[in-house]
Every structure is written in C-alpha cells, then in structure tokens.
There are 2 protein chains.
Amino acid sequence: MTSRSPDAVAQQGGLREQANAEALERLWAAEPVLVDVRPAIEVVPGLTPATVLTSGAPLSWEEYFGGQRSGVIGGALFEGLAQDAEEADERIRTGRIRVATCHEHGCIGSLAGIYTASMPVFVVENAKGGNRAFCNLFEGPSPARLNYGVYNEAVRESLGFIAEVVGPVLGEAVRAAGGVPLRPIVRRALHMGDELHSRNTAATLLFTRELFPALLDLAAEGGDDVRRTLEYLSSSDYFFLRLSMASSKATADAAHGVEGSSIVSAMTFNCRNFSIRVSGLGDTWLEAPMPTMEPKLFDGYTKEDVEYMGGESVINETVGLGGFAQAAAFPLQEYQGGSAERMVETNLEMYEITAGEHPEFKIPFFGFRGVPSGIDAYRVVETGITPAMDIGVAGRGGGQIGAGTLRAPLACFEQAVDEHRRRYP
Amino acid sequence: MTSRSPDAVAQQGGLREQANAEALERLWAAEPVLVDVRPAIEVVPGLTPATVLTSGAPLSWEEYFGGQRSGVIGGALFEGLAQDAEEADERIRTGRIRVATCHEHGCIGSLAGIYTASMPVFVVENAKGGNRAFCNLFEGPSPARLNYGVYNEAVRESLGFIAEVVGPVLGEAVRAAGGVPLRPIVRRALHMGDELHSRNTAATLLFTRELFPALLDLAAEGGDDVRRTLEYLSSSDYFFLRLSMASSKATADAAHGVEGSSIVSAMTFNCRNFSIRVSGLGDTWLEAPMPTMEPKLFDGYTKEDVEYMGGESVINETVGLGGFAQAAAFPLQEYQGGSAERMVETNLEMYEITAGEHPEFKIPFFGFRGVPSGIDAYRVVETGITPAMDIGVAGRGGGQIGAGTLRAPLACFEQAVDEHRRRYP
C-alpha cells in the first residue's frame, strides 16, 4: 500500500473524500503544546466548584454503576462536596452536585475519568488551531486509584500530593520552559518502544528531560518539593499517558466539525456503552454495547472479575497511536499479552480502515511507514475490521486488574454510516 | 531453538563444553557498576604521563597510518607532549612518547581510541568479579572528533570542556549517587529501541535520570557547570555508548582466561587488521585482514572515502549486544541502512554461533528471547557464519562519514580453532 496524502484522498472522488481530506489535514497539522498545569477550576471551561466530570457519552445518574459510580462519589468526597457516600449520592440526585462528561468540557478521562475543581490539569494548546484540551495527572503506580473507581485514605493522600506538590512544581517548570511541544516527544517515543497508550516509558523520560533545566533552576531556589516531584516522575512510566491523551484530544478536536467528513473524531466508554463521534456528524454520540476482550490479567484474577467503568484514553487510537501503533511497541506483549506476530497483523489491519498514513508518526518495524491515521467509518463498515485499542482493565471491586487489546463494536460505525448517508444523501 | 543454560552447555560433552559453560556463567553473572569518573592517569593501571593508548592489537609505530596515526599524534598534542605533529612523531619514534594499546591497560577504544593521561575516564567495576574496565567520554555530536582521527582547535576545546567540566561534575554526581549499576540500564534500553552499540538513545536517557537527583543537589550548591553538563548529556544520544563499552569490557574480561574455553572474549580493530582474543588462549590475538562492509554513508561520500582507523566498540557484540541485538533496534535502519527483515535475519543467524541466550538481556520482538551471547569460535568455523557488528564508519580525511553493519573475517576464527586444537588436543 502506498502512502495516502490528503490530496490523494481528495482526488479519489466525491464530497465525502474531499471532506475527509480536510479533516485529515487538520488532524496531521495539529501541534499540541503543554502550556501550563493549573487547578481545573481555573482553566476548564464551564466547570463549577460543585461539578464532577466523568468518562463517556452522557448517562443519567441512575445508570452509572460499579467503579464509575463509586469514582464519581469518590471525586465528590475528595472535593469536600459531601461528608459521606450517601450524602454525595443524595446531592447528585438533587442537583447540588453536578455530574457532567469530560468531552463536554474539553477534558479527556482515564478509565472512570474523574475531574473535580481543585485537581491540577495539563493545559494543552494546539499551536496550529488554538483549541485547548485538558487532562488531569497520573495518580501513581498503585493499582488502587480514583480513576479505577477506588477512593480511600491512600487515594486521598496521593491526590492531595499531586494537587499540592506535583501540579504546582510542574506548572512553574512548564511556564519557565515556555511550554513543552508534545508532537516531537510522541514522534521520538514511537522509535523507542512506546505506542503512547499502554506504553509511555520513553515519552515519560523524554518529557522529563525537557523539564530538567527548569527543575534545576527551581531546585536552586531550594525546595524539597522539586525532589519529590522528580521522584514521582521517575517512578511513573505511565506519567506521559495523560499528556498523550491531552495531546490526542487537542489533535482530534481539530479534525472535528468538517461538514461531510466520515472521519472518527472521538471514541469513548462509559460503564454501559462504547460511543464514537464523527467529524461531520456534530456532537451526536453513536453508541453500541460493550465489546468483549481478551485481557491479560494480573495474578489471582479471572475474566469474571473484569468490569467496564468508562475510559477515554482511546482518543490515542483515534489519531493513530495505541492499537494503531502496536508494531512500534513489541515490549507490550509482557503487559497485555499476545505475540509480536499478532501485534504486526493487528497493526497492518488498521491501515485498512484509515484514510491515510501520518506524515510524522512512524513505525520503524514497517520501514518507517506512517501510523494508520484517521479512522473512516465507511471503511470500518465495508471491511468489517474494527479499531484495535490497547487498554487497562478494571476489576469489579475497583482498581486495575490487567491490560489487553480490545476491538470496538461494529454497530456504532454502522449507525455512523447510516446517519452520514441520511445527512449527506 | 531452546534456551541453552550453562548447565545444558556443560552436559553437551567434553572439556571444551564444560570450559565454555564456565566462561558463559562468568559472562552472564557480571554486574558492571559505574563507580567513578577520574582522569585516566589516576586510575588506569600502567598509564604514564607520556603514554598515548590506541585501539586494536599492537602494531609498530611505522605500521599506523591514516586516521589512527593522526589520532595518536593528536592525542600527544592535546596532552602537551609535543609542540607539533613532527615533534610528536619524532618523540614516538625515539620512545619519549609511548604508544600502547587500550586492551593492555583495561581500556576500550572508540574508533582510533585515543587515551592520554589527563582525559577523564569512566571507572566501571564488575561487582561480581572485582575486575575493572575504563572508557573515556563521548566527545559530542560533531563528526570531526579525535576518536575519528581529527585534531584541531574545535576538537581541543571540546576535549578541554570534557576534562574540565563534564568529567568532574559526573564524577562528583556518580560518587554522591554511590555508583550507578549499568546492567539494569542495558536490560531496559533493549526494550526501548537500543542495541547499545549504534543506538544508545534510551540508555542515555535512563542513565541521566539515575544521576538527576545528585545533579539537583550539585546545582543547589550553585554552579553553571552542572547546567553545561546537563546540556551535554541532553544533546548526545550516543553518550551511553562509552558506558556500554566499559560495561561490556568488564563483562567480557570476566569471561577471559578459562582454561580450555573457545568463547571469544574480545574483538578489536586497528587500522590494518581485525583481531579476536579467546577465553582459553591467553593474550594471543588472532588476526585477519579487514572485512568488507556495506555502509550507509552520509550525503556526499562514496565507498572510496571509507577508511579503517581501528575500533573496539565491538566489545558490545562480544557479549551479545549491537549486531547480536539488532532486532531490538529497528530504528537503526535510518542510520545504518538495511531493512527490518534483514535485521531479523542477521540477528537470528547470531544464535547459530553463540553458546547460549542471555538470561536477562532480552529481545521483545523475539518474544523476549535472550540475546545470543558467548561467541564460540568452533561454531563460527563450523557454520561459516561470522559475527555481525554495528559500526560507525570513518573517512579517509578523518571524521565520521557513515555507519553500517560489518561481518568479521572468518580467518581469525579458523586460526583460533587451530590454536585451540593445538593447545587442547
């Protein structure tokens, strides 16, 4: 297969192809830059002190269950919006605490995806389009985390440390550095064993190196906080995941809203459904029941323990990373199972459902072929091949219990094509 | 092929197999730790203020030519042992300046491999055997460097900066950190796109992160030197090569001197010959004429410009890295040519000539199979497959002009087998 440029895509035919070429052009031109780290309330549009954000297409409060529900309640408790779970539940039902979705507020949620006012968020700006995206910070290596539906004293302490120490230090360093461009880090990390979803080891190191000079200056002013922030950065190979998510969100948003385009601009989970959004179909979410998965579980867990609790990190797949760049990350076999051969096959399949090959994000094993990028809902339906996604797996009792590769359900792409045909006859 | 443990090797048969199992055991048990950075004169055994070390098996001064000869003269000038090239040449001929080889002094040379008394060296100690190895520091990204046979004002300045700033800062940081174990860095870097010879990008980052807390403390005491050292570390993806070389030298030396073993314990170039040393054959170098190579040259150069000027970085191949771990480093295609398929084939061939698979250094693409490790001279001769080596390519006028993969000449392995049969009938 030869590389398909936006021009080549446009020349293939009708209005849809031209719209897709425009969407691809925007997707590939995006230049996400980390410009700040601030408490969510200061920067996230429309957030209020009594809002809790969570992953996925909107649900009524009654529909949330399991880890996603306990995550929302945990967020309310962390923010001091209620004294206990019962009170939080009552205040949510009566509207004194507002539950809303991440995507509505430019945010992108990891698993349950809980955001509250005081949590620090990465502020990522697309230097090419001016649009902004936000993501909160990795909680640390413990499998019990608020984003996996757990809230207890240890989680509270860890969130407190991030709000009081890590966020302010990183914010100061990022501002002192004049911002950190993320696209070059993603580009290099793809040559260093990362696919930027379930593996972010190299990207975390590359990002840390970008901040070193600013951290040195901060340390010279004294401050144990800089050392503690550095320890946090050094112990968290997944730190960069939240930055790749914010980066991909800013990138995918740039490609959203192109009249006539059938390019997927977001994929997301809540605890009940998988949903996609399409560039030319406005803010409609096309939903389908959960797909099945073949997870690799941590010792002591079985498939019975697996529970969906939402998740929006598949925004990375939406732009061509994660499951679309598995052949750049063979070490992932250890974490999520499978084999190198299977990773290569899966990755090659993704070229069948995408509109093009990224001009800058490349896979060394494929002779530096660009990652398959820009999922076309029509191609998914025509081929029956659905997007492959590298995900963390949550357990019924909350917490992470494994990882794996998941295939998106075909039904939402079929709905997207039907809706697209209806709108653009 | 199944993994061959030392025990399995020993059970295969006679005395040679048992000796090889012993050599493998030592090779795999080595735990190289960077314990200090000091001027060579303070730590390298047998060095004198008027010694210049260079790569490869010994030659008489008349036999050195081209870049290796001008490198030795450049070293003498840098050290202030002569006023100009003519005087340096005269003093070498009359013995007032002593030219010796790196391996004789526990050192390991990059290309021409020039060491003089005042140059800082990494001091790497094998925590399991107590033996030490030394390597001097990467000169920086310019293609014109003393190790590539060039000496001029810019090279002098760069060597001065390393001696006066980088060496002392790193030494202080390494001592404050209580040493830096190198084996875990090599292990992780193999999962991040490095083969530790022609690609050391991840290892350099991982090493820098290990030192960062100590550098923060040094910076707090003030000091522009820490910042300048950090800039040097951040701009040099090849920085770690000298550490992988010292690490591999300490490892290979541990496997040297096992009575009856046919395992190769060193491979080296001077400007005239390729030579190997074998564990059970004492300090004899088995020499053969230069092999031919298929280099990827920088723009503007042709094969006519290629010149051998020595090199000992193939100590990395000797322990199972570099050309023996190409399938861990697909991004190398860009630098040294070839294709992912060819890298896989070459890497698989290396399993045919090695006595075992490393228990800890693993290749993700091969399902975490251990790197082929412990070259057996008998297997090389039996199969006709010779070691593949990832190397930098020097040009006639000095300086680096490209990179490529090179096959060792069969003749020196044939000599090794003849000599082994003679000694151990």
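Modeller: Start with a pair of residues: Leu34(A) faces Val180(A), which belongs to strand 6 of chain A. Everything here comes from a predicted model, in which local features need pLDDT of at least 70, side-chain atom pairs count only at pLDDT 80 or more, and totals for chains, interfaces and linings use all residues. Residues are numbered from 1 along each chain as its sequence is written, while chains are lettered from A and ligands numbered from 1 in the order in which they are written.

Helices (H or I, at least four residues) and strands (E, at least two) are DSSP runs numbered from the N terminus. The two strands belong to an open sheet of 4 strands in chain A, with the order 5-4-1-6 and antiparallel pairing. Its edges are strand 5 (132–136) and strand 6 (180–181) of chain A, each of which pairs on one side only.

Now the chain that holds this sheet. Chain A contains 15 helices and 14 strands. Its C-alpha trace spans about 60 × 50 × 45 Å along the principal axes. Among contacts in chain A with a separation of 6 or more, 74% join residues 24 or more positions apart; a contact is two C-beta atoms, placed from the backbone, within 7 Å. The mean pLDDT (the predictor's confidence in each residue, from 0 to 100) of chain A is 94, and 97% of its residues reach 70 or more.

Arg342(A) is a residue of helix 13 of chain A, which runs over residues 340–350. It is partly exposed because 13 C-beta neighbours lie inside 10 Å. From Arg342(A) to Gly397(A) is 55 residues in sequence and 31 Å in space, C-alpha to C-alpha.

Strand 2 of chain B and strand 3 of chain B (residues 98–101) pair in the parallel sense over 4 bridges, with Thr54(B) opposite Thr101(B). Strand 2 of chain B, residues 51–54, is covered on both faces: Thr51(B) and Leu53(B) are buried on one side, Val52(B) and Thr54(B) on the other. Side chains in a regular strand alternate between the two faces of the sheet.

Also in chain B, Arg175(B) sits in helix 6 (residues 153–176) and is partly exposed, with 14 other C-beta atoms within 10 Å. Its C-alpha atom is 6.1 Å from that of Asp36(B), although 139 residues separate the two along the chain.

Finally, the complex. In all, 28 residues of chain A are in contact with 28 residues of chain B. Helix 8 (201–220), helix 9 (224–234) and helix 12 (333–336) of chain A each supply at least two residues to that side of chain A, and helix 8 of chain A gives the most, with 11 residues. The copies meet through the same surface, because 100% of the interface residues of chain A are also interface residues in chain B. For the complex, the predictor gives an ipTM of 0.92 and a pTM of 0.94.

Conventions
Buried ≥ 20, exposed ≤ 12 C-beta atoms within 10 Å, placed from the backbone. Pairing = 2+ DSSP bridges.
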